[in-house]
Amino acid sequence: MNVEVTPLPGIGVRKDFAIRAGKRIGVINHRDGDVELIVSRTDDPDACIASVPLTTDEAATLGNLLGAPQLVAQLTEEHRDVPGIMTKQLPIPEGSPFDGRTLGDTEMRTRTKVSIVAVMRAGQVLPSPGPELTFTAGDLLVCVGTAEGLAAAAKLLQKG
Amino acid sequence: MASTALELIQLGAVFFGLGLLGRLAQRIGMSPIPLYLVGGLFFGHGGVVELHIDSFAELAAEIGVVLLLLMLGLEYTAAELVTGLKRSWVAGSIDLVLNALPGALVALMLGWGPVGALVMAGVTYISSSGIIAKILSDLGRMGNRETPVVLAILVLEDLVMALYLPILTAVLGGVSLIAGLTTVGISLLVVSAVLLVAVKFGRVVSAVLYSEDREIFLLKLLGSALLVAGIAAALQVSAAVGAFLLGIAVAGPAAHSATRILEPLRDLFAALFFVAFGLNTDPADIPPVLVYGLILAVVTTGTKVATGWFAGARSGIGRKGRIRAGAALVARGEFSIVIGGLAVSSGAAPPQLAALATTYVLLMAILGPIMARVAEPVADRVTRVKTAPSAA
């Protein structure tokens with residue numbers, strides 16, 4: 001994808017790209033950390049039909065919503081040849097016993113045979129996380145394992 | 001004791017009145033600057049009520065100018081200025097020629113001589129980056145493709161100011177041609193040196209000033225700005241220029257938090273500066289220059305739209321985008337008043353110049369946001385009527 005990066009002196013940076021539907025879509029990163037989602041008009045590609053200011057949290061959530069399924073779909077595709085293996089995204093829910101504790105503390109591998117291959121946080125992917133990574137509520141874990149293993153893992157993350 | 005009480009009451013009344021005017025401006029979606037100027041006219045010499053807060057207002061107005069220019073310098077990093085110069089110098093030069101000429105010509109017609117021409121050229125040239133930034137964000141145009149074009153022109157105007165202000169100060173000081181040229185040479189050198197230092201060592205300057213603590217940072221920032229401004233004024237370079245160059249030298253995260261910390265202070269002192277400028281303008285001077293103000297307003301609206309149109313076309317922007325870019329640039333405001341203020345306080349310019357600058361900025365600060373809003377729909381209608389006369 002060809003993302004165009006345009007500096008906006010005094011304001012921040014605009015990052016956008018053309019989508020197949022014929023519009024430009026992207027974000028403006030303001031210097032003070034605010035993010036704005038922009039979508040261009042179809043009849044006048046220079047102008048914007050929407051510019052939506054987002055807080056950092058909102059932008060991160062939107063990023064996870066858009067990015068996570070794609071990553072899972074990609075991993076599922078890669079594991080298609082191995083029967084019985086599935087990829088699933090499991091959240092660290094609010095009130096999880098592992099909110100604020102490390103990946104090692106979950107003993108996920110020992111207890112459920114499930115591997116955590118990536119963590120989605122604030123719209124970013126942390127690939128191959130180590131046991132020292134500390135979880136916070138809202139993280140999405142991309143897990144690979146058997147159907148039973150993944151069910152057990154979901155329960156583990158929720159109840160400990 | 002009694003005089004202090006009176007001054008406090010008058011100052012309080014002025015601030016409160018400005019607050020009400022600001023609220024009114026917000027309600028009707030315009031910049032508060034013209035209302036502040038009107039407030040000043042109302043209370044000044046020859047106005048309805050004469051106020052006596054001169055001693056404080058004078059210093060406060062001076063601080064207002066320092067803060068306005070400091071924040072103008074903070075707005076863009078030195079790297080942005082250098083890139084802007086490389087990329088958009090053609091559009092910037094057209095902007096300069098088209099918009100400085102009308103002011104200079106009118107000043108010559110009014111017999112104000114080359115000094116007056118230089119002042120009025122600056123007044124009509126410089127767009128108000130404050131009003132324009134607000135227009136762009138209010139109208140949701142930050143993501144538009146023509147917006148970088150508009151910003152690039154503002155960046156170049158910023159750079160031109162760095163050269164123009166020292167020259168103006170030298171000329172207003174009444175120096176001879178050779179001394180003037182020396183000042184210009186020195187200011188060119190100083191500006192280049194500051195840009196170089198800011199690009200290479202901006203971090204060092206910022207690190208010296210920066211502090212995590214808001215209070216300490218504010219004191220260091222304001223202290224250094226006033227120090228630099230004062231030293232610059234003592235060296236016969238204007239205080240405004242010193243503050244402006246300091247603003248350019250501060251970069252990175254320090255510049256961003258500096259902007260946030262200084263904003264309320266700037267608003268306070270700048271408001272007083274506009275009032276003080278209005279105070280020093282005699283309303284009786286306005287009617288004789290009103291026609292010239294109107295002519296300038298019409299002509300320089302056209303020249304800014306033309307500038308935006310041309311700059312947009314160079315960047316491959318469509319017709320509507322070019323109209324939007326041009327109309328967004330129309331607003332003049334705080335820096336036109338700063339230039340007018342420098343001229344009037346030096347005594348080298350006729351008092352009618354203050355009246356013309358006030359009239360002009362009153363018109364342009366009101367007209368700018370309106371133009372930005374209506375230019376595109378109006379242009380739309382005109383094209384529609386042209387292409388389908390039977391439908392109209």
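This is a predicted model: local features need pLDDT of at least 70, side-chain atom pairs count only at pLDDT 80 or more; totals for chains, interfaces and linings use all residues.
Chain A brings an open sheet of five strands and an open sheet of four strands.

**Where the chains meet**

- On the chain A side, 20 residues take part in the contact, and chain B puts in 21 residues.
- Three residues stand out here: A:Pro9, A:Arg31 and A:Asp46 supply 40% of the area that chain A buries against chain B, more than any other three residues.
- As for polar contacts, the rule picks out eight residue pairs across the interface of chain A and chain B, with both residues at pLDDT 80 or more.
- Sorted by type, the chain A residues that touch chain B come out as nine nonpolar, three polar and eight charged.

**Salt bridges**

- Side chains of opposite charge can pair when their charged atoms come close.
- Which residue of chain A pairs with B:Arg145? That partner is A:Asp46, with an N to O distance of 3.1 Å.
- B:Arg145 sits in the loop between α6 (129–138) and α7 (147–172) of chain B, while A:Asp46 sits in the loop between β4 and β5 of chain A, so this pair joins two chains.
- B:Arg324 makes a salt bridge with A:Asp44, and their closest N and O atoms are 2.9 Å apart.

**The five-stranded sheet of chain A**

- The strand order is β1-β2-β3-β4-β5, and the pairing is antiparallel.
- β1 and β5 of chain A are the edge strands, each with a single partner, so one side of each has no neighbour in the sheet.
- From one strand to the next, the twist averages 20°.
- Five bridges hold β1(A) to β2 (residues 12–18) of chain A, with A:Pro7 standing opposite A:Val13 in β2(A).
- The hairpin of β1(A) and β2(A) has three residues between its strands, and A:Gly10 in the turn has a positive phi of about 85°.
- β2(A) and β3(A) run antiparallel and are joined by seven bridges; here A:Ala18 is opposite A:Arg24 in β3(A).
- Their hairpin leaves five residues between the strands, and A:Gly22 there has a positive phi near 90°.
- Six bridges link β4(A) and β5(A), again in the antiparallel sense, and A:Ser40 faces A:Cys48 in β5(A).
- Helix α1(A) packs on this sheet by touching β4 and β5 of chain A, and its direction makes about 115° with that of β5(A).

**The four-stranded sheet of chain A**

- This open sheet runs in the order β6-β9-β7-β8, with antiparallel pairing.
- β6 (86–91) and β8 (124–127) of chain A are at the edges with a single partner strand each, so one side of each is left without a neighbour in the sheet.
- The twist averages 25° from one strand to the next.
- β7 (residues 115–121) of chain A is joined to β8(A) by four bridges, and A:Met120 stands opposite A:Val125 in β8(A).
- Helix α1 (residues 56–78) of chain A lies across β6, β7, β8 and β9 (140–145), running at about 160° to β7(A).
- Helix α4 (residues 147–159) of chain A also packs on the sheet, touching β6 and β9 of chain A, and its direction is at about 10° to that of β6(A).

**A spot inside chain B**

- B:Met371 belongs to helix α15 (residues 351–387) of chain B.
- Leaving out residues up to four places away in sequence, B:Met371 touches B:Thr301, B:Val305, B:Ala327 and B:Val330.
- B:Met371 and B:Ala328 are 43 residues apart along the chain, with 7.2 Å between their C-alpha atoms.

Conventions
Residues are numbered from 1 along each chain as its sequence is written. Chains are lettered from A and ligands numbered from 1 in the order in which they are written. Side-chain values use heavy atoms; hydrogens and water are left out. Contact means heavy atoms within 4.5 Å. Buried area is the accessible area (1.4 Å probe) that two parts lose on being put together, summed over both. A salt bridge is a side-chain nitrogen of Lys or Arg within 4 Å of a carboxyl oxygen of Asp or Glu. A polar contact is a pair of N or O atoms within 3.5 Å; within protein, one must be able to donate a hydrogen and the other to accept it, and residues adjacent in sequence count only if both atoms are side-chain atoms. Ala, Val, Leu, Ile, Met, Phe, Trp, Tyr, Cys and Pro count as nonpolar, Asp, Glu, Lys and Arg as charged, and the others, Gly among them, as polar. Two strands pair if DSSP finds at least two bridges between them. Axes are lines fitted to C-alpha atoms, for helices over the stretch in contact, and angles run from 0 to 180 degrees between N-to-C directions.
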